[in-house]
Amino acid sequence: MDAIWQKDVSMPTFPKLRSDLHTDVLIVGGGLAGLLCAHSLKKAGIDCTLIEENRIMQGVSGRTTAKLTSQHGLIYGKLLETFGAEKAKGYWWANEEALSAIWELLEEAPCDFSPQSNYIYETDGTEKLEKEMAAYEQLRIPYFWEKNLPLPFQVSGALRFSGQGQFHPLKLAARIAKGLKIYENTKALAFGDKLVETPNGRVKAEKTIIATHFPLINKHGAYFLKLYQQRSYVIALENAEPLDGMYLDCAENGLSLRSAGEWLLLGGGGHRTGKAGLSWALPETAARKYYPDAKIVTRWATQDCMTLDTMPYIGQYSKETPDLYVATGFQKWGMTTSMVAAKLLTDLIRGRENPYESLFSPSRSMLHKQLLLNGVESAVNLLRLTRPRCPHLGCALNWNAEEHSWDCPCHGSRFDAEGKVLNNPATDDLQHPPKSK
């Protein structure tokens, strides 16, 4: 089913590329990250072109909960342990600057923006929150401790960031897309030296940004080892008491809550793509328990790229590709991090220094526990002698009975029951799809 954002917006349409083209910068991928990069480059006076395989904002960016915040779950304690204080604080500053840039953009393009506080809460003790709070204290990140929240259940405590917000992502995208050079229904088939092949023309570009959620090029960057994907599930309720603020349980299978106009959004039930999980059962059970008079009007799922060390990969695609760039691994916080990517990549393309270049560098160390876990998952499913196989790198697919899809537990590609690709990194349909289960 469609996300609520797709119900009330008429997105602009763009032609298919039908001839060869030359541009200074080519952006591959029409989600929010790609559009913000194009918008930022255009403002900087740089000729850029964006191509999208389908329609803009119809992938992951159109299926978000659309929270604008620098409080990304329990991230600062993890960053402090992994990278130290300077880089952990740098992550916060990068996202705070991105929020300021988004506020400026929203003044130009109204899109149901609502200033809100963001909360992470705990329902069973406060040990996790206290650890995160200690990181805030060490990094001097402003926060508030809260004991009572306007939720239909008790919490042990919560950490609040003020000055955050929520918005309508497709309304923003529709406004900034106007005036950009965009070609829809234009698939990138092959990548050469400053050349991208599409079905009806070749694009020659001095520099290229891959903003396709999961990067498409396997021979550089080892993203098939550095990333895995997670599914997340959301329902929209009508006739539910509206909430001020945005809320996220810090437990693995906790609830996310926020109001969006006349609807209340409940999210949760996430799991690694290709694996079993609670999926919609978690938010639907919570809806029946806490909002018995409410009605589910729609539900949807989305997918997020997760990195080895919780830090996104934004910058030069690999050390061997000086004119190729990437933005990926947003860890479920793509609305804010897309602007981080736009600002950073615009500076890199212009040859300007950016204080966050090394922080988000995709070429940083891969030596993290998650690398081993990703490797084991890939090995198991490469050796498993079942069909169908993912055309990306050959892993065995699992049937997702909840969403009626074939999902890859290695890298997160998904295919519908007829074999049509739903989520990358796979770019081709299944050649011999099995009969639907």
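**Exercise 1. Contacts of R160**

The side chains of S117 and R160 are joined by a polar contact of 3.4 Å in this predicted model.

Solution. Step 1: S117 belongs to strand β4, residues 114–122.

**Exercise 2. Two aromatic pairs**

The structure holds 14 aromatic pairs. Classify the geometry of the pair Y91 and F360 and that of the pair Y233 and W280, and state which parts of the chain each pair ties together.

Solution. Step 1: the ring centres of Y91 and F360 lie 6.2 Å apart, with 50° between the planes. Planes under 30 degrees apart count as stacked and over 60 as edge-to-face, so this pair is tilted.

Step 1: Y91 lies in helix α3 (residues 85–108), whereas F360 lies in the loop between α8 (334–349) and α9 (369–383). The pair therefore ties together parts that are 269 residues apart in sequence. Both Y91 and F360 are buried.

Step 2: for Y233 and W280, the distance is 5.0 Å centre to centre and the angle between the planes is 75°, an edge-to-face arrangement.

Step 3: Y233 is in strand β11 (residues 228–238) and W280 is in the loop between β14 (263–272) and α7 (281–290), so this pair ties together parts that are 47 residues apart in sequence. Both Y233 and W280 are buried.

Step 4: Y91 and F360 also belong to one aromatic cluster, together with Y76, Y136, Y143 and F161.

**Exercise 3. The second largest pocket**

Which element gives the most to the lining of the second largest pocket, and how is that lining divided by class?

Solution. Step 1: the second largest pocket has a volume of about 410 Å³. Step 2: 23 residues line the second largest pocket, and the closest to its centre are S40, A101, M339, A342 and K343. Step 3: α1 (32–43), α3 and α8 are the elements that give two or more residues to this lining. Step 4: α8 gives the most, with seven residues. Step 5: by class, the lining has 11 nonpolar, four polar and eight charged residues.

**Exercise 4. Backbone geometry**

Solution. Step 1: as a reference, most residues other than glycine have a negative phi, and most peptide bonds are trans. Step 2: the bond that joins R387 and P388 is cis, with omega about 0°. P388 is placed in the loop between α9 and β18 (398–400).

Step 1: A66 has a phi near 60° and lies in the loop between β2 (48–51) and β3 (67–68). With 0% relative accessibility, A66 counts as buried.

Step 2: D112 likewise has a phi near 60°, and its place is in the loop between α3 and β4.

Technical notes. Residues are numbered from 1 along each chain as its sequence is written. This is a predicted model: local features need pLDDT of at least 70, side-chain atom pairs count only at pLDDT 80 or more; totals for chains, interfaces and linings use all residues. Side-chain values use heavy atoms; hydrogens and water are left out. Rings of Phe, Tyr and Trp (its six-membered ring) pair if their centres lie within 6.5 Å; planes under 30 degrees apart count as stacked, over 60 as edge-to-face and the rest as tilted. Helices (H or I, at least four residues) and strands (E, at least two) are DSSP runs, numbered from the N terminus. Buried means under 20% relative accessible area, exposed over 50%, partly exposed in between (1.4 Å probe, protein chains only). On a 1 Å grid over the protein atoms alone, a cavity is a set of points where a 1.4 Å probe fits but cannot get out, and a pocket is an open set with protein on both sides within 12 Å along at least five of seven lines; lining residues have an atom within 4 Å of a point. Grid points are joined across faces, edges and corners, and a volume is the space filled by probe spheres set on the points. Ala, Val, Leu, Ile, Met, Phe, Trp, Tyr, Cys and Pro count as nonpolar, Asp, Glu, Lys and Arg as charged, and the others, Gly among them, as polar. A polar contact is a pair of N or O atoms within 3.5 Å; within protein, one must be able to donate a hydrogen and the other to accept it, and residues adjacent in sequence count only if both atoms are side-chain atoms.
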